[in-house]
Amino acid sequence: MKKILELSKRQLSKRSLVLILSLWVMGTAYAMWALNPISATDVMKHHH
Amino acid sequence: MKNNNPFEQRELAYYQNSHNMLLILAGLHVLVCAGFAIFMGTYLLFFLVAIPAWIIPWWVCQQYPRDLISRLTMAVSFMFLTGLIIQQTRGDLEAHFSYFVMLSGLVVYCDWRPLILATTVILIHHVSFIILQPLNIGFYIFNDNRSLWGHFLVHGSVGVIQTSVLIYASNILRKLMYASFIASDTALQIAEGHLDVELDPEEVAHSEMLMAIQSMQFELITYRDNLNALVVERTKELEEAKDIAETAVRSKSNFLANMSHEIRTPMNAIIGLSTLALNKATNTEIHDYLKKIAYSSESLLGILNDILDLSKLESGQFEIRYAPFNLYHLIENLHNLFSESAKSKGIHLRMPTQQESFPYFLIGDEMRLQQVLANLIGNSIKFTEQGHIELQIISIKQENSQVTINFCVEDTGIGINADDFSILFKPFTQVDGSINRRFGGTGLGLSISQHLLYLMNSQFHVSSQQNQGSSFSFQLLFNIASTNEIENTLINSTPHDFGQLSVELNKMGSSLKNTHILIVEDNKINQQVISELLKLSGIIVSIANHGEEALDLLEQQTFDAILMDVHMPIMDGLTATQYIRKKPQYQTLPIIALTAGVTEDEREIAIKSGMTDFIGKPINPEKLISTLTRHCAQDLITAPLNANTITSHITEVPGISLKNSLVMLNNNIELYLQLLNEALTHCKPRLEEIKLKAEQGNYTESYKIIHYIKGALGNLGAYQLFQAGNQLEQDLKSEHFNPVTFTEFQQAFQQLEASFILLKQQVDEASPSETENPELSQQLAQEFILMLEQDEYISSTRLKAFKETLNNEQFGFFKELEAQLQQLNYQEAIALMKTFISSSH
């Protein structure tokens, strides 16, 4: 745990940080989009 | 974020706390997502979205806690988690509370940017799911009466208002936070004493808290400035008071010095003249009066010394002088001092005997110890009517070369009431006012003694019972002295008996006989006292009234030493000494200061001006003689050569440098012959001793004798003997006795004896016939008789004038007359004079 904490504090360059964050944002957006559990059928069922 | 922020440390702590709080909030949402994953089977969403949405902001906050990027990451991650929950509940109304909670949480950053970003992210989320995936999110909450755009407007405006309110709130929070940072920082700096710390007027204008701190700061500055002014004022006042006090102390010290001088000068006359008068008084009644005058003046001097001691002790000018001494001598002195008075009161005085076991040879201030003990014994005698007084001396602890000795004086006197112990040591007080009337005294003794003990790191222990007796004791720590040290420094001083002075001084000053001493003194009585004291030791005296006269006399005559008063009109002693010392031939001439001033300062000034030693007035005859002996004994042989005339009738004789010796003796050839005769008679029997001691191997003793003879005769110009003596001394120093050198020395001695006879013949032949005047001699003789009958002193000049009127046959008579006068046998002198007158007729 201590080692992880120490590693986490080792600073990356701003560029790598921005790259990682961009990948994270895009990956998450895609995952939320693609893995959305609520199907159109369910919605329509509910609606009616 | 601003890099030059003055509150970096505080800011870091603030952001770290905020990050931690928000991560806990995010963690709770992650737990909710875990619940959804279990009930809805959305594990993939949980692992791919929820878990990274916590780890990524945690990681960025670890790396850049103070940077904007960490706050923005936190905002994005919050919105991912909120979006995830809304999405999984099909847009449930309660699920939207999480959005409001998370957005409000971001307010702690006091920054509008994360709030805007979060709003943008959730907007994109909603738009993408409504527009791009319209059927995939739940719209069951939407009222059927409302169009899609109507829903969009209502939902969106709530979000925008929410964000605007929070941005406003975060702005207020930011201002408050900064103001509190500045306030606490300023307060800390003020507390550390930096009252002048500057506050940004703009910040102050916006914060009541800072205004309050600033007005407090201004108030403190005013107080400080007032205080500074007050301190400056008070310091000035104190300095003035100090100056006044110092002036007062100086005046006191000056007054004491003057008083001591003014009182001591007449005291000198009283003590000196009464002592001299005691030698001449034939009438028992007058002798008794004089004795009482002498004793009274001595005791008056004691009181004067006490007052001076006390003032010196109180002003801290007193110093304890450590020197080797013999404790037994001190006890003996005390016994001599008090045995008579104790006996006369019928009190038994017990003193330690030499058999008692305590070390005698100690290093300490003998005079002050004696002063303390004498005071205690004196008091005991004063206050004891019958019984005994005992001085006990006990060695308590002896370690290496140190010993602690307990001194105790016990009596069977009137005693002291326990209540009165406290005032016992106060100056000028006596326990009972009536004591002063009954017993006398100044009440200074014990106070001085206590001060003295304090200076010697000790104190009194008193135990007493009224009408039973008292005991005063104290302990002192001494270094034990070696016998050698004692012998080197001890000057034996026993109190003299009045009336025996002439005999004692004659004995003490034998080595000073015929030395020539100049007295420089303005007071006529003192001149007489000192010159008569010196004449008792056979010293030849010249007198100068002030410094200038002394300088004139030094031009004409040669002296072995000068006794110099310090305070004189026309030219004082210090200036005269400086002039004398400027001349190379007088560099080593002993000049002894003679003054009534007794303070350390005066001593120092005298020594600094070039004086050799110091004798205080009133003059103690023994001290005078011992000081002179110490300084003159060495100087005889090196006396300077500057005589202008020499007895013309006398031709040089072998072995003697007559010129030098006669200069020294003021051309008094008779005196020279007398001295030479005495020296030869004295030294002759010791010649054999040199050989005897050397043959016994006692070279040191032999050396001492030769040194003595060489010195005595060398002083009288016997240069051949002096040289032979030198040679012999060299031999003896290397522990070797050379009979040849000794024979040379003996021959030189015999030569000297022959030369003496030759010289005596010459002197007898060279009569002062040119000046012979029988009429004048008759007249002078009658005058002298009258003077002697009135106990008047006949000056040496008058005697010399008388001598010049005599012829050769009368020379024997004159010598005898001179001898009688020198020994103060005035009656014999008168008889001689009368015979002379009748025989001349």
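## Close-up views of a predicted model

**View 1. B:A561, B:L563 and B:D565 point one way from β10(B), B:I562 and B:M564 point the other way, and all are buried.** "Buried" means that 20 or more other C-beta atoms lie within 10 Å of a residue's own, "exposed" means 12 or fewer, and anything in between is partly exposed, with the C-beta atoms placed from the backbone. Residues are numbered from 1 along each chain as its sequence is written, and chains are lettered from A, ligands numbered from 1, in the order in which they are written. Back to the strand: β10(B) is mostly covered, with five of its five residues buried. In a regular strand, side chains alternate between the two faces of the sheet.

**View 2. Five strands of chain B make an open sheet in the order β9-β8-β10-β11-β12.** The pairing here is parallel; two strands count as paired if DSSP finds at least two bridges between them. Look for the edge strands, β9 (540-544) and β12 (613-616) of chain B, which each pair on one side only. From one strand to the next, the twist averages 25°. Angles run from 0 to 180 degrees between N-to-C directions, and axes are lines fitted to C-alpha atoms, for helices over the stretch in contact.

**View 3. Strand β10(B) has parallel partners in β8(B) and β11(B).** Four bridges link β10 (residues 561-565) to β11 (residues 591-595) of chain B, and B:I562 sits opposite B:I591 in β11(B). β8(B) pairs with β10(B) over four bridges too; there, B:V520 faces B:M564 in β10(B).

**View 4. Helices α16(B) and α18(B) lie against the strands.** Helix α16 (residues 524-536) of chain B packs on the sheet and touches β8 (516-520), β9 and β10 of chain B. Its direction makes about 165° with that of β9(B). Helix α18 (residues 573-582) of chain B lies across β8, β10 and β11 of chain B, at about 150° to β10(B). A contact means that two residues have C-beta atoms, placed from the backbone, within 7 Å of each other.

**View 5. The hairpin of β6(B) and β7(B) has three residues between its strands.** Strands β6 (residues 461-465) and β7 (residues 469-480) of chain B pair in the antiparallel sense over five bridges. B:S464 has B:S470 in β7(B) as its bridge partner. B:N467 is exposed, with 8 other C-beta atoms within 10 Å.

**View 6. B:I570 also has a positive phi, about 65°, although it is not a glycine.** Most residues other than glycine have a negative phi. You'll find B:I570 in the loop between β10 and α18 of chain B. B:I570 is exposed, with 12 other C-beta atoms within 10 Å.

**View 7. The axes of α3(B) and α4(B) come within 8 Å and cross at roughly 170°.** The two helices are therefore roughly antiparallel to each other (that label is for angles over 145 degrees; under 35 is roughly parallel, 65 to 115 roughly perpendicular, and the rest oblique). B:F78, B:T82, B:I85 and B:I86 in α3(B) meet α4(B) residues including B:A95, B:Y99 and B:M102. The contact residues split into six nonpolar, three polar and no charged (Ala, Val, Leu, Ile, Met, Phe, Trp, Tyr, Cys and Pro count as nonpolar, Asp, Glu, Lys and Arg as charged, and the others, Gly among them, as polar).

**View 8. The largest nonpolar core has 39 residues.** A nonpolar core is a set of buried Ala, Val, Leu, Ile, Met, Phe, Trp, Tyr and Cys residues joined through C-beta atoms within 7 Å. B:A75, B:F78, B:L81, B:L106 and B:A118 touch the most other members. The largest share of this core, eleven residues, comes from α3(B).

Methods
Predicted model: local features only at pLDDT ≥ 70, side-chain atom pairs only at ≥ 80, totals over all residues.
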